[in-house]
Amino acid sequence: MMSLRLRIGDFVMSDIKQSITNLIRTCRIESGMVQSEVAKRVGISFRTYQRIELGEVVPRTDVMIRLLDLFGLEAKLKFVDIFSREKMGENK
């Protein structure tokens, strides 16, 4: 039973991770910035930013806050929506 819960949890985290990755990539493209510019403006390496957009890593909380600040209110609202839908059981 414990492994089943872990698998379900991993699946949910995978969905959240993909949603965050999509949000960050979309916001960057819509803002007209290139990856290196975003990385520099939020204070992380270009490679770390690439890994975030590729979904290899989830940004640390402080980095996520700086990304959301950079991309503005609309990005913040979309980010909150990702977790609201997850909490309500709408895994999409």
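**View 1. The buried residues of helix H3 in this predicted model.** Look along H3 and you'll find Tyr49, Ile52 and Glu53 buried. Seen down the helix axis, these residues fall within an arc of 95°, so they line one face of H3. The general rule behind such a pattern is simple: an α-helix has 3.6 residues a turn, so residues three or four places apart point the same way. Just after H3 comes Gly55, which takes a positive phi of about 80°.

**View 2. Glu53, a buried residue in H3.** Glu53 sits in helix H3. Its relative accessible area is 3%, and because the cut-off for buried is under 20%, Glu53 counts as buried. What does Glu53 touch once its neighbours within four places in sequence are left aside? Its contacts are Thr21, Ile24, Arg25, Arg28 and Gln35. As for Asn22, that residue is 31 residues from Glu53 along the chain, yet the two C-alpha atoms are separated by 7.5 Å.

**View 3. The buried side of helix H4.** Step just past the end of H4 and you get to Gly72, with a positive phi of about 95°.

**View 4. Leu68 and its contacts.** Leu68 belongs to helix H4. With a relative accessible area of 9%, it is buried. Skip the neighbours within four places in sequence, and Leu68 is in contact with Leu23, Ala75, Lys76 and Phe79. Cys27 is 41 residues from Leu68 in sequence, but the pair are 9.1 Å apart in space, C-alpha to C-alpha.

**View 5. Where H2 crosses H4.** The axes of H2 (residues 35-42) and H4 (residues 61-71) come within 9 Å and cross at roughly 115°. The crossing of H2 and H4 is right-handed. On the H2 side, Val38, Arg41 and Val42 take part; from H4, they meet Arg66, Leu67, Leu70 and Phe71. How do the residues of this contact divide by type? There are 5 nonpolar, no polar and 2 charged.

**View 6. Leu67 and the largest nonpolar core.** Zoom in on Leu67 and, not counting residues up to four places away in sequence, you'll see it touch Ile24, Val38, Val42, Tyr49 and Pro59. The largest nonpolar core holds 20 residues, and Leu67 is among those touching the most other members, together with Ile20, Ile24, Ile44, Tyr49 and Phe71. Which helices supply at least two residues each to this core? They are H1 (2-31), H2, H3 (46-54), H4 and H5 (73-87).

**View 7. Stepping back to the whole chain.** Of its 92 residues, buried ones make up 32%. Now take the contacts between residues at least 6 apart in sequence: 58% of these join residues at least 24 apart.

Conventions: Residues are numbered from 1 along each chain as its sequence is written. This is a predicted model: local features need pLDDT of at least 70, side-chain atom pairs count only at pLDDT 80 or more; totals for chains, interfaces and linings use all residues. Side-chain values use heavy atoms; hydrogens and water are left out. Axes are lines fitted to C-alpha atoms, for helices over the stretch in contact, and angles run from 0 to 180 degrees between N-to-C directions. Helices (H or I, at least four residues) and strands (E, at least two) are DSSP runs, numbered from the N terminus. A crossing is left-handed if the near helix is turned anticlockwise from the far one by less than a right angle, and right-handed if clockwise. Contact means heavy atoms within 4.5 Å. Ala, Val, Leu, Ile, Met, Phe, Trp, Tyr, Cys and Pro count as nonpolar, Asp, Glu, Lys and Arg as charged, and the others, Gly among them, as polar. Buried means under 20% relative accessible area, exposed over 50%, partly exposed in between (1.4 Å probe, protein chains only). The arc is that of the directions from the helix axis to the C-beta atoms. A nonpolar core is a set of buried Ala, Val, Leu, Ile, Met, Phe, Trp, Tyr and Cys residues joined through side-chain atoms within 4.5 Å.
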